[in-house]
Amino acid sequence: MNGFIQSIDLESQTSGILDTQDPTQFTVTYHESAADATANSNALTSPFTNSGNPQTIYVRVVNDDTGCVNDDFTFEVIVNPLPDFSVTSPQIVCLNGPPLVLSIENPSTIYDYVWTDTDGNTIIGSQITVSSGGTYSVTATTTDGTSCT
């Protein structure tokens, strides 16, 4: 399979599907095939565990007052991999010694790295120089527009 299996909250898509329409007036169901959406069979439960990546989800919207059905809407579930990097931990900095450089051991150009120091300050880059003890963390965020961290 090309990707990862995850639990997906399908119901979080309902507000975007209905847009400005009153959600209490519609029944929205999610399906793995267009045929299931049309037949109103095999509705998916939420959270849903994807079986492919990407995977198309078919949506059926029923107006509860009129009975009118729209089953033409779809969206893609795409599970992006978590950033893969490492930092040696723990590391020791001596108060009377030279500063210590903390760095990503296998940095990738597909991520932006942001370090957070003990005081909550942020430093951008694949490495930082520290001169005092404390807890330092780093977050990698994809640069492809998905903003996965």
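Contact means that heavy atoms lie within 4.5 Å of one another. With that cut-off, Val-59 touches Ile-17, Val-28, Thr-29, Tyr-30, Ala-37, Asn-70, Asp-71, Asp-72, Phe-73 and Phe-75, not counting residues up to four places away in sequence. The structure is a predicted model, in which local features need pLDDT of at least 70 and side-chain atom pairs count only at pLDDT 80 or more, while totals for chains, interfaces and linings use all residues. Residues are numbered from 1 along each chain as its sequence is written, and side-chain values use heavy atoms, with hydrogens and water left out.

**Nonpolar cores**

- A nonpolar core is a set of buried Ala, Val, Leu, Ile, Met, Phe, Trp, Tyr and Cys residues joined through side-chain atoms within 4.5 Å; buried means under 20% relative accessible area, exposed over 50%, and partly exposed in between (1.4 Å probe, protein chains only).
- The largest such core has 15 residues, and those with the most contacts inside it are Leu-10, Tyr-30, Ile-57, Val-59, Val-61 and Phe-75.
- Two or more residues of this core come from each of α1 (14–18), β2 (26–31), β4 (55–63) and β5 (69–77); helices (H or I, at least four residues) and strands (E, at least two) are DSSP runs, numbered from the N terminus.
- Another core, of 11 residues, lies apart from it and includes Leu-102, Ile-104, Ile-128 and Ala-140.
- In soluble globular proteins, nonpolar side chains tend to be buried together.

**Strands β2 and β4**

- Five of the six residues of β2 are buried, so this strand is mostly covered.
- β2 pairs with β4 in the antiparallel sense over six bridges; two strands pair if DSSP finds at least two bridges between them.
- Within this pairing, Thr-27 stands opposite Val-62 in β4.

- β7 (residues 111–116) and β8 share three bridges, and Thr-116 has Thr-122 in β8 as its bridge partner.

**Val-79**

- Val-79 is found in the loop between β5 and β6 (100–103), and counts as buried because its relative accessibility is 11%.
- Val-79 touches Phe-4, Gln-6, Ile-8, Asn-50 and Asn-53, not counting residues up to four places away in sequence.
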